[in-house]
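The following note sets out numbered points on the model shown below. Please read each point alongside the coordinates.

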Amino acid sequence: FLLVERNIKNGSARKINLTDAQVRRVLEVRDSKRHTNDAQRLAALKKEGIIIGRTTMVTTVPQEARDRGITI
């Protein structure tokens, strides 16, 4: 029972709470040639106030963009 409760908490923590504009910006930074690695990409996003992890940037945000119909 404790394990299930912990997994439920983790699942809710992984929800993405970004606006459409922020999702679009993450995609722009991710595809930009200016930033050559994920650390630079995440630092650039952090400067703009978008604090996410690498896995979220690589997997979750593109899926969320597809679901919302956002393109760059």
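1. Helices (H or I, at least four residues) and strands (E, at least two) are taken as DSSP runs, numbered from the N terminus. The model is a predicted one, in which local features need pLDDT of at least 70 and side-chain atom pairs count only at pLDDT 80 or more, whereas totals for chains, interfaces and linings use all residues. Residues are numbered from 1 along each chain as its sequence is written, and side-chain values use heavy atoms, with hydrogens and water left out.

2. Overall content. The chain holds four helices and zero strands, and its elements follow the order α-α-α-α from the N terminus. Of the 72 residues, 24% are buried, where buried means under 20% relative accessible area, exposed over 50%, and partly exposed in between (1.4 Å probe, protein chains only). Contact is defined as heavy atoms within 4.5 Å. Among contacts between residues at least 6 apart in sequence, 57% join residues at least 24 apart.

3. Salt bridges. A salt bridge is counted when a side-chain nitrogen of Lys or Arg lies within 4 Å of a carboxyl oxygen of Asp or Glu.

4. Which residue forms a salt bridge with glutamate 64? The partner is arginine 68, and the closest N and O atoms are 2.9 Å apart. Glutamate 64 and arginine 68 are four residues apart in helix H4, so about one helical turn separates them. Through shared partners, salt bridges join Asp20, Glu64 and Arg68 into one network.

5. Arginine 25 is in helix H2 and glutamate 48 is in the loop between helix H3 (38-47) and H4, so that the pair links distant parts of the chain, 23 residues apart. Arginine 25 is partly exposed at 31% relative accessible area, and glutamate 48 is partly exposed at 40%.

6. Packing of H3 against H4. Axes are lines fitted to C-alpha atoms, for helices over the stretch in contact, and angles run from 0 to 180 degrees between N-to-C directions. The axes of H3 and H4 come within 9 Å and cross at roughly 90°. H3 contributes Asp38, Arg41, Leu42 and Leu45 to the contact, and H4 contributes Arg54, Met57 and Val58. These residues divide into four nonpolar, no polar and three charged. Ala, Val, Leu, Ile, Met, Phe, Trp, Tyr, Cys and Pro count as nonpolar, Asp, Glu, Lys and Arg as charged, and the others, Gly among them, as polar.

7. Arginine 54. This residue lies in helix H4 and is partly exposed, with a relative accessible area of 44%. Not counting residues up to four places away in sequence, arginine 54 touches Asp38 and Leu42. Arginine 54 and alanine 39 are 15 residues apart in sequence, and their C-alpha atoms are 8.2 Å apart in space.

8. The faces of H3. Which residues of H3 are buried? They are Arg41, Ala44 and Leu45. Seen down the axis of H3, these buried residues fall within an arc of 100°, so they line one face of the helix; the arc is that of the directions from the helix axis to the C-beta atoms. Ala39, Lys46 and Lys47, on the other side of H3, are exposed. The cover over the buried residues of H3 includes H2 and H4.

9. Histidine 35. Histidine 35 is placed in the loop between H2 and H3. Is histidine 35 buried or exposed? At 14% relative accessibility, histidine 35 counts as buried. Apart from its neighbours within four places in sequence, histidine 35 is in contact with Val29, Gln40, Arg41 and Ala44.
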